[in-house]
Each structure stands twice: as structure tokens, then as C-alpha cells.
Amino acid sequence: MCGIAGVFALEEGLAPPSIEQLNRMASALHHRGPDASGIFRDTRVGLAHTRLAIVDPERGQQPLGNVEGTVWLVFNGEIFNHVELREELEAQGHTFRTRCDTEVVLQAYERWGPEAFERFDGQWAVALWDSRERRLVVSRDPLGIRPLYLCVHGHHLYLASEVKALFAGEPSLPRELDPVGLDETFTFWTAVAPRTVFRGVTELEPGHTRLYQAGQVRELCHWRPRFPPEVEQFQGSVAEAAEAVGQALRNAVRLQVTRADVPVGSYLSGGLDSSLVAALGRQMVAGRFHTFSLRFTDAEYDETEYQRMVARRIGSEHQELLVSRSDIAQAFPRVIAHAERPLLRTAPVPLYLLSGLVRDSGLKVVLTGEGADEVFAGYDLFREAKVRRFWARQPDSTLRPRLLARLYPYLTRSPVSERAMAQRFFGRNLARWREPGFSHEPRWHTTSALKRLFSASLREALQGLDAIERLRSSLPAEFHRWQPLSQDQYLEMRTLLSGYLLAAQGDRVLMAHSVEGRFPFLDASVMALAASLPPSFKLRGLDEKHVLKRASRELLPPAILRRKKQPYRAPDAMCFVEPSAREWVEELLSEHALTDSGLFEPRAVEQLWRKCLAQGDQRPLSNADNMALVGVVSTQLLHFQLVRRAPEWSPTQSTDSLTDLLPHPLRALP
């Protein structure tokens with residue numbers, strides 16, 4: 001796992017990138033790869049790399065070139081089937097100088113060209129320069145586990161694992177938040193690739209490979225979700241499906257544990273997904289196996305009982321981190337600096353702190369249960385959509401909407417806690433139950449309501465634009481032929497999984513402490529099998545992840561299997577009223593600071609802040625107000641850190657106050 005960066009002249013004859021420029025980009029990515037760094041430069045391209053040594057630590061330095069020195073690449077990620085690909089290439093006459101998967105990527109490209117990326121099972125972002133073809137190739141894994149940002153400026157293409165490295169490489173790059181990216185974030189919780197929240201900066205779409213050659217740009221899609229029609233679905237029984245799922249997950253965990261030359265541990269939340277991954281991981285390791293859990297001083301979010309139950313069952317070396325509201329508030333600015341996007345929840349912050357514990361314990365790699373809810377239909381959103389579609393077929397029924405009461409049992413301010421209000425909220429637009437996005441409309445509607453806080457100028461910039469319709473227009477042609485649950489799963493993967501969970505809660509907070517996350521549920525074979533299962537195997541009635549629970553019976557305590565679904569959450573807005581945070585938050589939300597960013601209406605934000613101060617644990621904030629405050633605070637931080645920040649600031653520096661993260665104290669802004 002690493003950081004990559006580069007500069008490519010889009011036209012022949014331009015000055016090559018300077019060594020100083022490439023070193024600045026690498027320096028901005030030091031946290032992603034503290035073990036080594038290197039650069040390659042010729043007359044057309046410069047590539048920079050920072051390394052986190054996981055596979056073949058002695059010989060895997062990058063940038064890596066072929067024997068002739070005509071093809072060079074920088075690679076961030078892991079190709080878990082690199083051993084099998086190596087054997088296939090060796091059978092065709094290839095010889096290798098290293099044991100690392102990086103060289104397999106290089107030689108696979110030499111053998112199969114850009115189509116090589118279709119053969120990979122893993123998580124990657126790659127930039128490759130083929131001087132023979134005068135071609136730059138960039139590629140990204142199917143779900144965007146590893147980031148890759150692109151920006152064209154002054155006849156050059158800049159690329160990097162993080163936006164801060166783009167800015168470090170070329171200080172003249174415009175720094176401005178993109179209104180459309182912000183609009184998508186305050187609709188879907190994330191900007192949807194290729195869009196980002198920075199104007200002029202794009203992400204390579206997950207599952208895509210792009211070629212820059214002879215002044216042309218060609219884009220290939222090497223992977224997209226596929227949900228087969230009913231006649232092509234898994235034909236066995238539920239029991240047979242559970243056995244197949246169990247075997248596929250064992251294989252995925254085995255690959256992700258054994259394809260590393262360093263110890264591999266596991267996160268353990270106490271839920272089904274991480275517990276199953278940890279149990280399988282324990283089986284693959286002969287010696288000590290480390291698990292790591294978060295605890296919360298707020299009992300509402302704490303799952304210690306279940307975490308310890310699983311740790312005892314599997315016999316792991318278990319470590320816990322207790323997190324308070326003050327801890328979250330104190331670390332929040334650093335998390336925004338690493339996430340490089342507004343957040344509507346504080347949930348990434350405890351995970352950032354937990355990755356620090358992993359690194360302090362001497363580990364570089366952890367398994368997580370991320371992706372199981374998307375792949376096996378575990379979210380309440382999927383159950384909610386099923387109830388709403390059932391209700392929509394008899395909209396006058398008084399019995400059908402009562403099923404809503406079975407949703408969101410873990411929320412203090414659950415949207416189904418008051419029957420009349422729930423029926424009004426979830427009964428909106430029932431007539432559109434056949435339309436794309438029906439499943440997600442309640443979430444998108446709730447989040448979009450936060451835009452009431454946008455400034456007049458931001459609202460004007462968004463006049464006539466519709467983020468939801470734009471997403472609908474980009475859906476694949478086969479989307480309309482998929483079954484409803486498959487449509488819902490696709491939307492969740494396309495938006496929240498790729499742009500938020502695998503980014504802000506995944507790569508960014510892990511790599512902030514130089515830790516690689518691995519995600520067995522997102523293994524290519526596991527995803528293909530899950531997509532082939534009939535929807536009733538995944539969501540049986542309202543029993544979510546039914547087949548996965550059956551596959552886990554022999555491995556986990558019954559109490560874990562019987563638990564009601566409780567997604568990972570953390571205290572939100574009330575963290576910012578803690579005495580240790582209130583001063584810098586009020587400075588950030590002051591009229592002066594809000595006017596400087598120009599993104600939010602000061603009066604509306606002041607009313608929200610006063611409401612937050614007036615509320616207490618006896619009268620908790622609504623979910624919408626929680627998201628609104630976190631969203632404003634995080635967006636303001638992003639503006640001051642990455643739009644207005646001082647060039648010498650580093651995201652890895654220790655910060656005890658807000659002003660350490662800003663170019664100068666907010667009250668002194670011109």
C-alpha cells in the first residue's frame with residue numbers, strides 16, 4: 001500500500017516536470033508510504049511513489065521499470081491473485097526479478113496491454129508510462145478502494161492518490177470548492193466519481209482504465225456490477241448457497257491474510273460482518289492473531305459486550321480503544337484534512353483513532369467487514385424499500401405500513417418511532433415505486449434538506465441543476481432489467497460505498513496512520529457469487545443478510561447471529577459543544593469565517609448552532625440537525641485547510657487547536 005503521484009505533458013516538446021516538483025508531491029503523501037520513496041523522470045512524464053512495504057519488502061521499490069527501461073509504473077494497492085498470474089506469465093516465458101505484485105502488474109501489461117486490468121482480483125490505483133507507445137495508462141480497482149485524482153492544468157496532467165499532493169506539485173492550480181460537488185455531497189453524502197468537491201479535480205471512476213496517447217484520451221470500463229437475470233441466477237438451495245458463500249469467503253480471507261509478508265490483524269465491531277471476517281482470519285493464522293475494537297463512553301454506541309464475546313470465542317489478542325466526545329472533536333480537523341471532503345457524520349474519526357492503535361501495535365494490515373451490507377443486502381434501507389414497494393401496491397392499506405415499525409431500532413430519534421409521522425415520510429411518492437432511485441429517495445430527501453443552509457450565491461450557482469436526475473441519467477442500460485433489490489444494491493455501491501465508506505471511513509483514515517485495509521467481502525469471487533443469488537436469499541422477508549447468517553452458524557456465537565442490525569455509528573453534533581471544542585467551532589461558524597468561505601448563510605448557521613447548544617442528552621438533536629452541523633463544520637474546515645491553507649502545512653503534524661490547521665487565525669483573516 002502506497003502513495004502515487006505524477007505529472008504528464010499532454011503535448012510533446014514541453015519542459016519535463018522538475019525533481020523538486022515530484023519530491024513535493026511525494027512528501028505530501030509520506031503518511032501513505034513511510035518505508036521508502038522514489039521518483040522516475042524522462043522528457044514527457046514524472047512519477048513519484050511513497051511505499052508501505054507489505055509484499056517483498058526488500059525488492060519492491062518503486063517506480064518500477066521493465067528490463068529495457070521502456071515501461072515504468074507506480075502502483076498503490078494489492079493484487080491478491082498475483083501468484084496465479086505470475087505462474088501464467090512464467091508459462092508464457094516471462095521471468096521475474098522480484099516476488100512483489102507490482103512486477104506482476106508491469107509484466108501483465110506487457111503481455112496483455114490495458115486489458116490486463118480485467119484479470120486482476122484486488123484493490124489498486126496505477127499510473128503506467130509506456131515510452132514505446134508514448135502512452136500514459138491510469139487504472140483503478142472495481143469499487144474505488146484506492147483513490148486516484150486527476151487534474152489538467154497548463155497542458156499537463158497531474159495525478160495523485162490525494163488532492164493535497166496535486167496542490168503540492170503545482171502551487172498555481174486553482175483552489176476552489178466545486179458547487180456541484182458540494183450539491184452532490186449534500187444529497188448522496190458524497191460526490192459521485194468522476195466528480196469531486198474541488199473544481200477542476202476529478203477522480204478516475206472505479207472500474208475504469210484511461211489511456212492518454214497522441215493527444216487523445218480513451219477510457220475503458222474493465223468492470224461494472226452485473227446482476228444476472230433469474231434464469232442465470234444461482235440454482236441451488238439456500239443451504240447450498242450458504243455453503244458456497246462460506247467457501248468463497250474462506251478463500252478470500254485466506255488470500256488476503258497469506259498474500260502479505262507482514263502480520264495481518266482484523267477489526268472487530270461486534271456485528272456479524274467483522275466477526276465473521278475475524279473468525280476466518282483467526283483460522284488462517286497459526287500464531288498470534290490481533291483484533292481491534294472501538295468502545296464509546298456513550299452507551300448508545302458501545303458494543304463492547306459482543307466484541308469481547310467474539311474475541312474470546314476465536315482466541316485473538318484483543319485490544320480496545322475507548323473514545324469520548326472530546327476525543328472525536330479534537331481529532332475531527334485532522335480527519336477532514338485526510339478525508340479531503342465534507343462529512344455529514346463523525347463516524348470516520350474513531351476509525352482514524354483506531355488505525356493509530358493498529359500502527360502503534362506494530363501492524364500494517366487489517367481485515368475489515370466493509371462491503372458485506374452492500375453485497376448481501378444488510379442495510380435497513382433495503383428493508384425499508386421492500387416495505388415501501390409492498391405498501392405501494394396497496395397504497396390505501398392500513399396494515400402494510402405498520403411493517404415500518406421494524407426498521408431502525410437502533411436510532412434514538414428513529415424515523416419510525418411515531419407511526420403517523422413515519423407514514424407521511426415514507427409514504428411520499430409511493431406511486432413512483434417502479435422508478436430508479438425509489439429506494440434511496442427518503443435518504444436523499446432528508447440530506448437535501450440540509451441545503452437550506454447554503455448561501456444565496458451557492459444556491460444561485462446550482463440553479464437548474466438536479467443531482468438526482470444527473471445520477472439517474474448515468475445508470476447503465478441494463479439497470480432497468482435488474483430486480484428491485486439489485487437496483488438498490490447498485491445505487492448503494494455507486495454512491496455511499498465508493499465515495500464515503502471506502503474513502504472517508506476506509507482508505508483515508510487507515511492510510512493516515514500508514515495502515516492498509518483489506519476487504520474480503522469485496523473479493524471478486526465473493527461479489528460475483530453474491531450478485532448471482534436470488535434476492536430472497538439475501539433479504540428473506542425482512543431478514544437481512546439471510547444467507548450470510550446461515551454461512552456463519554458454525555463460526556460465531558448464537559448471540560451475534562440473533563442480534564438486531566446495528567450499524568457502526570458515533571456521537572455526532574454534540575461532540576462540538578464539548579468545552580475543549582466549543583471555542584474553535586464557534587470561531588469556524590462565526591459570521592466572519594462563513595462570509596470568507598461564502599458557502600453558508602451565517603444567520604441560518606447561527607440558529608442551528610444555538611439549537612445545538614440548547615439541546616442536551618435529554619432532548620437529542622434530530623438526525624437532520626446532526627448531519628447539518630457536522631456538514632457545515634467539516635465543509636468550513638475543508639475550505640480553510642485545502643483552499644486557503646498555508647503551503648507548508650502538513651496533514652501529519654500534531655494539532656491541538658484549530659489555528660494549527662489554518663493559514664492564520666480566523667479572526668485575523670482579511
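Is Leu-548 buried or exposed? In this predicted model, Leu-548 is buried, because its relative accessible area is 0% and burial applies under 20%.

## Surroundings of Leu-548

Helix 21, spanning residues 546–551, contains Leu-548. Leaving aside residues up to four places away in sequence, the contacts of Leu-548 are Val-245, Leu-249, Leu-272, Asp-273, Leu-276, Ala-372, Phe-376 and Phe-521.

## Aromatic pairs

The model contains 21 aromatic pairs. In one of them, the ring centres of Phe-117 and Trp-124 are 6.4 Å apart and the ring planes meet at 25 degrees. This pair counts as stacked because planes under 30 degrees apart are classed in that way. Phe-117 is buried, with a relative accessible area of 2%, and Trp-124 is also buried, at 0% relative accessibility.

Ring pairs also join Phe-227, Phe-479, Trp-482 and Tyr-490 into a cluster.

## Charges over rings

Two arginine residues are placed over aromatic rings. The charged end of Arg-86 sits over the ring of Phe-96, with a distance of 4.5 Å to the ring centre. Arg-119 lies over the face of Trp-112, and here the distance to the ring centre is 3.7 Å.

The largest cavity holds about 130 Å³ of space.

The lining of the largest cavity comprises 17 residues. Those nearest the centre of this cavity are Thr-190, Ala-191, Val-197, Glu-340 and Arg-341. Divided by class, the lining consists of 9 nonpolar, 4 polar and 4 charged residues.

## Position of Gln-641

Gln-641 belongs to helix 26, which covers residues 623–643. With a relative accessible area of 0%, Gln-641 is buried. Gln-641 and Ser-269 are 372 residues apart in sequence, and their C-alpha atoms are 31 Å apart in space.

Notes
Residues are numbered from 1 along each chain as its sequence is written. This is a predicted model: local features need pLDDT of at least 70, side-chain atom pairs count only at pLDDT 80 or more; totals for chains, interfaces and linings use all residues. Side-chain values use heavy atoms; hydrogens and water are left out. Helices (H or I, at least four residues) and strands (E, at least two) are DSSP runs, numbered from the N terminus. Buried means under 20% relative accessible area, exposed over 50%, partly exposed in between (1.4 Å probe, protein chains only). Contact means heavy atoms within 4.5 Å. Rings of Phe, Tyr and Trp (its six-membered ring) pair if their centres lie within 6.5 Å; planes under 30 degrees apart count as stacked, over 60 as edge-to-face and the rest as tilted. A charge sits over a ring if NZ of Lys or CZ of Arg is within 6 Å of the ring centre and within 35 degrees of the ring normal. On a 1 Å grid over the protein atoms alone, a cavity is a set of points where a 1.4 Å probe fits but cannot get out, and a pocket is an open set with protein on both sides within 12 Å along at least five of seven lines; lining residues have an atom within 4 Å of a point. Grid points are joined across faces, edges and corners, and a volume is the space filled by probe spheres set on the points. Ala, Val, Leu, Ile, Met, Phe, Trp, Tyr, Cys and Pro count as nonpolar, Asp, Glu, Lys and Arg as charged, and the others, Gly among them, as polar.
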